[in-house]
Amino acid sequence: MSGTSLDGIDGVLADFSQPARPVVLAQAQRPFSVDLRSDLLDLTHPGVNELERAARLSQTLSTLYAEVVHELVQRAGPGDFPVAAVGCHGQTVRHRPEQGFSLQLVNGALLAELTGMAVITDFRSGDIAAGGQGAPLVPAFHDALFRHASIPRLILNLGGIANLTLLLPGQVTRGHDTGPANLLMDGWIGRCLGQAFDRGGDWAAQGRCHPALLESLLAHPFFQRSAPKSTGREDFSLEWLESRGAWVSSLPPEDVQATLLELTARSVAEAVQTACRGYEGAELYLCGGGALNVQLTKRLRTLMPEVRVGRTDDLGVPAQQVEALAFAWLAWARVQGKAGNLPEVTGARHGVVLGALYSP
């Protein structure tokens with residue numbers, strides 16, 4: 001898995017012989033170089049020679065994905081575990097479900113050739129073809145692993161974008177994107193301090209949230225939309241942030257960062273409190289890179305004192321493994337011929353077996 005935050009690749013080697021209790025045999029991470037991240041970021045905006053640049057980056061990414069696959073097998077050590085398939089999400093550079101497409105960069109044929117393994121990729125197109133958003137896709141996996149018969153549970157993935165899964169007793173599983181998670185905070189600290197991310201939210205903690213700027217950001221139409229809904233860099237970008245004009249340019253940069261953290265916290269809290277209305281004892285479990293943002297976690301707990309906030313580690317799956325494990329699960333579902341989407345989440349007309357298969 002490599003996500004909207006454009007920070008790198010997360011991989012797991014997982015045993016699904018007991019599908020409801022997968023066992024992670026190995027984990028590996030590969031950060032993107034500064035140049036690769038810059039090239040990918042450039043491709044999220046309209047530009048010249050896009051087709052050639054996209055094809056070239058697909059090859060580069062596929063080589064990196066293959067290196068992660070080989071590293072996973074080496075880390076797992078000796079053992080008899082024939083790999084059924086590599087599930088590879090690819091790198092999203094455009095997400096336009098309202099126009100009928102979501103584009104992830106990966107060369108499935110090349111990845112199959114480099115690994116000698118079957119590769120399953122292009123997970124979103126089938127759902128979009130059936131009228132869905134193509135996102136979020138992880139709620140079906142969250143349902144399989146984390147649902148409790150009597151406790152309302154919510155799973156919040158904090159990647160570039162935040163997506164929320166609702167596992168409420170007696171209700172079908174639902175979920176949707178809530179807005180930006182790390183995307184804007186990462187971009188702003190990169191612009192101002194040249195750092196990839198705000199470790200622990202320490203820089204944001206040095207600033208103060210600016211109420212007028214926050215309300216301007218929360219006025220984005222996405223936050224008023226009803227689910228099913230998904231979003232990406234097309235809606236939330238540094239260009240959008242800087243269009244707030246003097247509020248951004250005249251503030252101390254750490255105040256802008258504090259405001260962006262509050263934007264994430266407030267948009268998540270509103271979605272959670274709306275979903276949990278009428279339920280008691282709700283539990284919210286964080287995963288993804290943003291789960292390590294101490295200041296963000298503190299704000300979520302302050303804004304939602306009635307909700308227990310923890311990490312998916314508490315449920316047996318480390319926060320940094322969940323997203324990669326979800327796409328391993330989606331690959332397993334493809335091999336089994338099982339639908340991987342939830343129409344109640346994405347808005348698709350029906351369940352779809354997701355993913356395109358490339359044989360080695």
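This is a predicted model: local features need pLDDT of at least 70, side-chain atom pairs count only at pLDDT 80 or more; totals for chains, interfaces and linings use all residues.
1. Basis. Local features need pLDDT of at least 70 and side-chain atom pairs pLDDT 80 or more, while totals for chains, interfaces and linings use all residues. Residues are numbered from 1 along each chain as its sequence is written, and side-chain values use heavy atoms, without hydrogens and water.

2. Second largest pocket. It holds about 610 Å³ of space. Its lining comprises 33 residues, with Val 12, Leu 13, Ala 14, Val 83 and Ala 85 closest to the centre. Two or more lining residues come from each of β1 (8–15), α2 (50–76), β3 (86–87) and α13 (322–336); helices (H or I, at least four residues) and strands (E, at least two) are DSSP runs numbered from the N terminus.

3. Cysteines. The structure has 0 disulfides, a disulfide being a pair of cysteine sulfur atoms within 2.5 Å. The sulfur of Cys 209 lies 16 Å from the closest cysteine sulfur, in Cys 192, which is too far for a bond. Cys 287 is likewise in no disulfide, the nearest cysteine sulfur being that of Cys 276, 16 Å away. Cys 209 is partly exposed at 32% relative accessible area, whereas Cys 287 is buried at 0% (buried is under 20%, exposed over 50%, partly exposed in between; 1.4 Å probe, protein chains only).

4. Helix α11. Of the 23 residues of α11, 17 are buried, so the helix is largely enclosed by the rest of the structure.

Methods. On a 1 Å grid over the protein atoms alone, a cavity is a set of points where a 1.4 Å probe fits but cannot get out, and a pocket is an open set with protein on both sides within 12 Å along at least five of seven lines; lining residues have an atom within 4 Å of a point. Grid points are joined across faces, edges and corners, and a volume is the space filled by probe spheres set on the points.
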